[in-house]
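Take a look at the model first, then read on.

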Amino acid sequence: MQSLLAFVPDFLQQPLFWVMALLVFAIWQFIQNKLRMDVVALIVMLFFSLTGILSVKEVLAGLSDPNVVLIALLFIVGEGLVRTGVANQVSDWLMRVSGASETKVLVLLMLSIAGLGSFMSSTGIVAIFIPVVLAICAGMGISPRRLMMPLSVAGLISGMMTLIATPPNLVAHSELVKSGFEGFSFFSFTPIGLIILVLGIGYMLVARRWLDNGEQREELNSAKHFSMSHLIEEYQLRGRAKMLLVEPDSICVGKTIGQLDLRIVHGLNIVAIQRNKHFRTITINASVNEVFQPKDILLLDTSLDDEAYQQRCEELKLRPIELKGEFFSTHYRSVGMAEISVMPEAECIGKTIRELKFRSRYHLSIVGLKRGGEIIQDELLDTPLRFGDLLLVMGVWQQIHRMDGDHRDFFLLRAPAESKNAPPALSQAPHALFSVFTMVVLMITGIVPNVMAALIACLMLGKFRCVDVKSAYDSIHMPSIILIVGMMPFSIALQKTGGVDLTVRLLLDVMQGLDVHFVLIVLFVFTAILSAFISNTATAILVMPIAIAIANQLGYSAAPFAMIVAVSASAAFMTPVSSPVNTMVLAPAGYKFVDFVKVGVPFTVLVMLVSVFVIPLLFPL
């Protein structure tokens, strides 16, 4: 065996050569995009183990990394915000403030992310806003590719805003103090962070056009094509929706819908009931056994004329409420409609809706019937059903979705686009906000580690029924987790095989005799390249002492050198694996590796040029 090795060049026997070769292979595969990125990460892990460069424990070290667990937990937190409708409400607010202008949405979004990320984990804030951005894109009919990259860029820039925004900043402060210099204050990073934020907003307003390939836009437009408004027109329902408030002295109080028989006797078809409970508004099924309470708001469908309608309101002591929008369009998060069809040979064929006791069985109201292209409105409840009949049902979305699994008599034929935005746990929104608020406070104060703060939030979301076990596990995007775990061994391998030490020695040789601005450029580039493949915290720990030593040798203040390294460590815009923030937006937006390269590399160069010339002005050499 030794005689065979004699013919092998020395460099091929060095573990560092194979580490670098594997790194080049992984990057090339990411660019080619022929293999899934998580598959490439698994190949990397297998190679390190089989070659003996790393032990199994070192290869799998990422599985025990708190940041990996944190990312998985934050996926669950984001799912809780989606299921309770908080994400949609934030997106509605952003769209309302911005006037549905994509430019204004982008600016407000990046300002919000950078501001919040200045005081909490950028990974956490990006995870919270991913569902918000998806909801905004769905509402505006634009591709998520146009806003997801600005989201991650703002998350990374937030790390440049304050001392506690990201670990590299604290490393820079600690290393300065350790070396006998005055450390950074809480807002020392803010001026350069604000400049880069403004630069980033301007850049992304242009760069977003490079990301939109039109694929998602077409999909979104087709999804929006069929909506509740189409069903309202198709079934001739315009003008029939009403809202009533149950007065305390109403004869309805204390009685059930079945006892009053409002639809048959009074022509009032209750679709749903809104009720205040524990400082929140909940939407209740209009089941026959539901008891009316004072101050209930009744959402109903009626074909009565205005005079007859007013008369019924006076008789029952129900106060009309102004209805905004058409047919509960402002309540589409909780109340919706769908078209169902009668199954062949179903038991319901030949029976009327009244005989079927449809509301009692399905907790939904039938508001329209279509037969052979003709809409039947008169005597709707007493019309015998036939095979092929189409029924328009209305009620809370949860009950409509259950129709999809009931194939005995009916099957769900068409659901409008609004059904996809219907939160299944809408009434739990206050609890979801409280859970996230608790997590943010724990992260800011540092009472517990970030991963424990996220775990507490997840347990609270489960306790409050904002998420269930299935939705929690389904929300974790495993390809992203595998990608992060699979690329982490490179950090250990580069240090173990001497790759980092070799690079540092070469760096010191290159810097000899250079102008100070070129020295800062070299430091920035080296830090940015290194942080593209190992964590930015590890990069800061490795490079910060070198930067301070170089400053001392050249006779300059150490502060601007430390600041350059800290900013560069946060400028991880170039690849999807250079930061968890980038990895998290990869799947929701459908980005490829080259998308980050073509957008991230030019922006990193811009940040470098600004930093190299602005930081010496803020922190004199």
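A salt bridge here means a side-chain nitrogen of Lys or Arg within 4 Å of a carboxyl oxygen of Asp or Glu. This is a predicted model, where local features need pLDDT of at least 70, side-chain atom pairs count only at pLDDT 80 or more, and totals for chains, interfaces and linings use all residues. Residues are numbered from 1 along each chain as its sequence is written, and side-chain values use heavy atoms, with hydrogens and water left out. The structure holds 16 salt bridges.

**Arg 146 and Glu 102**
- The side chains of Arg 146 and Glu 102 form a salt bridge, at 2.7 Å from N to O.
- Arg 146 sits in helix α9 (residues 145-158) and Glu 102 in helix α7 (residues 102-117), so this pair ties together parts 44 residues apart in sequence; helices (H or I, at least four residues) and strands (E, at least two) are DSSP runs, numbered from the N terminus.
- Arg 146 is buried at 10% relative accessible area, where buried means under 20%, exposed over 50% and partly exposed in between (1.4 Å probe, protein chains only).
- Glu 102 is also buried, at 14%.

**Asp 301 and Arg 240**
- Asp 301 and Arg 240 make a salt bridge whose closest N and O atoms are 2.7 Å apart.
- Asp 301 belongs to strand β4 (residues 297-301), while Arg 240 is in the loop between α13 (228-234) and β1 (241-246), 61 residues apart.
- Asp 301 is buried at 3%, and Arg 240 is buried at 13%.

**Cysteines**
- There are zero disulfides (pairs of cysteine sulfur atoms within 2.5 Å).
- Cys 137 is buried at 0% relative accessibility, and Cys 348 is buried at 0%.
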